[in-house]
Amino acid sequence: MKALDRALQRWRIAKAKPFIPSGARVLDVGCSAGALFRQLGSLIGSGVGIDPELREPLVVGNARLYPGRFPKDMPEAEPFDVITLLAVLEHVPRSEQSVVASACARLLKPGGKIVITVPSPQVDVILKVLRALRLVEGMSLEQHFGFEPREVGPLFTGAGLTLVAQQKFQLGLNNLFVFQRLEH
């Protein structure tokens, strides 16, 4: 990962941080090498991460990271207070997106939140230029599936969650969505 990749990653994590209460049990889908757990450190009570790029399980602070695809390869786990999908949905094939949303809803505690970031479609063009200039490398553009931010709301409300926050950031090129599982 180049410096710009890391800066963009830190920015996404900073946008998620206000929605992660101190001591929370967190699932980070698409965790990479555990950047969220490294950056938020002791704020997180415990965590689990899963990422298809990991070669072997890792421990980062009080989080365990597993190689694999979510939810297919997800180890058995107690429900989570917060689930993050930061720059992940655009890498999920359309045919698997509702499965991801349903699995998130199932793994979330009542009252828990799902924090999602997705880029706006024009970001792919910008990233291609930045990659050609060798300013970024960690963006897997060939894995983008033409995801539209407007699809996030229906996808997750369809899984029984309630949209509680939505905003644009990074000059309007990125989108933050926060959903909550209402207490029953």
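In the predicted model, helix α3 lies across strands β1, β5 and β6 (108-119) and runs at about 145 degrees to β6, where axes are lines fitted to C-alpha atoms, for helices over the stretch in contact, and angles run from 0 to 180 degrees between N-to-C directions; contact here means heavy atoms within 4.5 Å. Helices (H or I, at least four residues) and strands (E, at least two) are DSSP runs, numbered from the N terminus. Residues are numbered from 1 along each chain as its sequence is written, and side-chain values use heavy atoms, with hydrogens and water left out. Because the model is predicted, local features need pLDDT of at least 70 and side-chain atom pairs count only at pLDDT 80 or more, whereas totals for chains, interfaces and linings use all residues.

The sheet is open and is formed by 8 strands in the order β3-β4-β2-β1-β5-β6-β8-β7, with mixed pairing, two strands being taken as paired if DSSP finds at least two bridges between them. Its edge strands, each of which pairs on one side only, are β3 (58-60) and β7 (162-169). Neighbouring strands of this sheet are turned against each other by 15 degrees on average, direction ignored.

Strand β1 (residues 24-29) pairs with β5 in the parallel sense over 4 bridges; Val 26 has Val 82 of β5 as its bridge partner, and Asp 28 stands opposite Thr 84 in that strand. With strand β2 (residues 44-51), β1 also pairs in the parallel sense, over 6 bridges, and the bridge partner of Val 29 in β2 is Ile 50. Together with helix α2 (residues 35-40), β1 and β2 make a right-handed β-α-β unit, a crossover being right-handed if, with the strands pointing away from the viewer, the path from the first strand over the helix to the second runs clockwise.

Of the 6 residues of β1, 6 are buried, so this strand is largely enclosed by the rest of the structure; buried means under 20% relative accessible area, exposed over 50%, and partly exposed in between (1.4 Å probe, protein chains only). Ala 24, Val 26 and Asp 28 point one way from β1, while Arg 25, Leu 27 and Val 29 point the other way.

Glu 90, in the loop between β5 (80-86) and α3 (94-107), is likewise buried, with a relative accessible area of 5%. The C-alpha atoms of Glu 90 and Val 118 are separated by 6.7 Å, although these residues are 28 residues apart along the chain.
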